[in-house]
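Biologist: I have the structure open and want to go through a few spots. Can we begin with the rings?
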Amino acid sequence: ISNIQINNLSIKNGDGERGGGMFISKSENVSLSGVDIYENTGDKGGGIHALDSHPNLSNVTIENNDANSGRGGGIFIMNSNSDDSSDDEVAVLTGVVIRGNDVRSEDGTRDDVFGGGVYIDNTSFNFQDVTIEGNNAYGTNARGGAIYSYSDVATDGRAYSSDGVYG
């Protein structure tokens, strides 16, 4: 699916395996503007789970969401880099607030817990005027209360770090 635009919408109290508030998969040109995503629960991506997609978020609030599988309390973005080196698609967040989101391992089977606010894996991204505050990663090997970004070194030079970025 391509060219999806969602404007001025609130998504609240959702519960899902992938993305408590919203699941985006294999979609091009998905844009959210003026959207509030809050108080949702998901296994991966409490608020948003984006897989093989390049979401464009503008003036979006992702707040008080929970992920229970150890990845992405607010937003989970994975495998959005294509194998085509001429493809310059990136996940773009502009004027976005990511606040008060939590990630944990609900059943206690996962020691590695990553990205209280944002979890990004194998995805090029651009954040502009983004506020990430008050997010938490709870676990024995918790990394990135605010943001966790990981990518293998790519031949096209778009990977940020083979060791990850945590914050």
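Biologist: How many aromatic pairs does a search of the whole structure find?
Modeller: The search finds 4 aromatic pairs. Rings of Phe, Tyr and Trp (its six-membered ring) pair if their centres lie within 6.5 Å; planes under 30 degrees apart count as stacked, over 60 as edge-to-face and the rest as tilted. This is a predicted model, where local features need pLDDT of at least 70, side-chain atom pairs count only at pLDDT 80 or more, and totals for chains, interfaces and linings use all residues. Residues are numbered from 1 along each chain as its sequence is written, and side-chain values use heavy atoms, with hydrogens and water left out.

Biologist: What about F114 and Y148?
Modeller: Their ring centres are 4.4 Å apart with planes at 10°, so the pair is stacked. F114 is in strand β16 (residues 112–114) and Y148 in strand β22 (residues 147–150), 34 residues apart. Strands (E, at least two residues) are DSSP runs, numbered from the N terminus.

Biologist: Are F114 and Y148 buried or exposed?
Modeller: Both are buried. Buried means under 20% relative accessible area, exposed over 50%, partly exposed in between (1.4 Å probe, protein chains only).

Biologist: Which residues do ring pairs link into a cluster?
Modeller: F76, F114, Y119 and Y148.

Biologist: New topic. Where is G34 found?
Modeller: G34 is in the loop between β5 (28–33) and β6 (36–38). G34 is partly exposed, at 25% relative accessible area.

Biologist: How far is G34 from N59 in space?
Modeller: They are 5.1 Å apart, C-alpha to C-alpha, and 25 residues apart in sequence.

Technical notes
Helix = DSSP H or I, 4+ residues; strand = E, 2+ residues; numbered from the N terminus.
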